[in-house]
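Please find below a short note on the structure under review. It is arranged as numbered points, to be read beside the sequence and the model.

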Amino acid sequence: MSSDAGLDHETVRLIVAISSRALFDLSESHRLFETQGVDAYREYQVAHEGDILEPGVAFPLVKKLMSLNATLGERGRVEVILLSRNSSDTGLRVLTSAHHHGLDIARAAFTGGASPYRYVAAFGAHLFLSADPLDVRLALDAGCAAATVLPSSPPTAEHEDERVRIAFDGDAVLFSDEAERVYRQEGLAVFNASESAAAHEPLPGGPFKGLLVAIHQLQALFPPDDSPLRTALVTSRGAPSHERVIRTLRAWGIRIDEALFLGGLGKARFLTAFDADIFFDDQSVHCDAARLHVATGHVPHGVAND
């Protein structure tokens, strides 16, 4: 039976699709696949299907997201869907491990080696997290919010915060890369002048606008100071280009809890201070620094990834 049993069509939902390698540590079996092929991989997974997989980079985020359901009750629902290139045979170990770790994952698609990106929209997912950059690019090209979960070993906090904290870059993630293109082609002075002149014109939405909207709808079920979900904008922008961003979010009707305009400072220490459960950025240089401190998703979208 679906985990959505008892929920009506008006229930606010946040749907996250995730690949098996983003959810669990499959590094050993993936190396086997790359060196010896699919048959050896299948034999290995079937032989070890009783062995529970260790959590992967995105596991803590998924665990915290799904734990929100106890607080949401019938008002809202966070659903996690497994989208995997595994076959049903090799995927059995993944689902068994998910249920062993207490993840109530009821829906899955095992594509037998084909890219699962087609099912992101079919399941109505607001976000797709994968360890495969190709699958992520295909999902982004299809209009879905998607990010490559990067290998990382973020430190474990001594006192884990039960709130889910999600941090976003601005240009080419929440917003289009329109302004970023001006910056790269014309320089900072022209960029600031252009953004100041357009301060009252909302920026076009980027690939993660829909995800932010879905998160905001869940947040709206709680008083602003008591939401189990907290968001932050962490951007290299500074004054005077901050004004257009603030007015854009206001035009969208979206509350973002914290906005950090860093004016070119490195982002890693601010993400640590925010205690982010995950951070999304389009630029590899920011992602490489951030992943040493927090779970990080690279969004291969926009001019920085042309």
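This is a predicted model: local features need pLDDT of at least 70, side-chain atom pairs count only at pLDDT 80 or more; totals for chains, interfaces and linings use all residues.

1. The structure holds one cavity of 30 Å³ or more, and about 60 Å³ of space lies within the largest cavity. Its lining consists of Leu14, Val16, Leu61, Leu65, Leu127, Ile166, Leu211, Ile215, Ile278 and Phe280. Two or more of these lining residues come from each of strand E1 (12-18), H4, helix H10 (209-219) and strand E9 (278-281).

2. By class, the lining of the second largest pocket divides into seven nonpolar, ten polar and five charged residues.

3. Several elements take part in the lining of the second largest pocket. Helix H1 (20-23), helix H2 (27-36), helix H3 (38-47) and strand E2 (76-84) each supply at least two residues. The most is given by H3, with three residues.

4. Six aromatic pairs are found in a search of the whole structure. In one of them, the ring centres of Tyr183 and Phe191 are 5.8 Å apart and the ring planes stand at 75 degrees; the pair is therefore edge-to-face, since that class requires planes over 60 degrees apart. Tyr183 counts as partly exposed because its relative accessibility is 38%, whereas Phe191, at 6%, counts as buried.

5. Ring pairs also link Phe168, Phe208 and Phe280 into a cluster.

6. Where do charged side chains sit over rings? Arg75 lies over the face of Phe222, at 4.7 Å from the ring centre. The charged end of Arg165 is placed over the ring of Phe274, 5.7 Å from its centre.

7. Is Asn69 buried or exposed? Asn69 has a relative accessible area of 13% and is therefore buried, the limit for that class being under 20%. Asn69 lies in helix H4 (residues 59-72). Apart from its neighbours within four places in sequence, Asn69 is in contact with Gly76, Arg77 and Val78.

Technical notes. Residues are numbered from 1 along each chain as its sequence is written. Side-chain values use heavy atoms; hydrogens and water are left out. Helices (H or I, at least four residues) and strands (E, at least two) are DSSP runs, numbered from the N terminus. Ala, Val, Leu, Ile, Met, Phe, Trp, Tyr, Cys and Pro count as nonpolar, Asp, Glu, Lys and Arg as charged, and the others, Gly among them, as polar. Rings of Phe, Tyr and Trp (its six-membered ring) pair if their centres lie within 6.5 Å; planes under 30 degrees apart count as stacked, over 60 as edge-to-face and the rest as tilted. Buried means under 20% relative accessible area, exposed over 50%, partly exposed in between (1.4 Å probe, protein chains only). A charge sits over a ring if NZ of Lys or CZ of Arg is within 6 Å of the ring centre and within 35 degrees of the ring normal. Contact means heavy atoms within 4.5 Å. On a 1 Å grid over the protein atoms alone, a cavity is a set of points where a 1.4 Å probe fits but cannot get out, and a pocket is an open set with protein on both sides within 12 Å along at least five of seven lines; lining residues have an atom within 4 Å of a point. Grid points are joined across faces, edges and corners, and a volume is the space filled by probe spheres set on the points.
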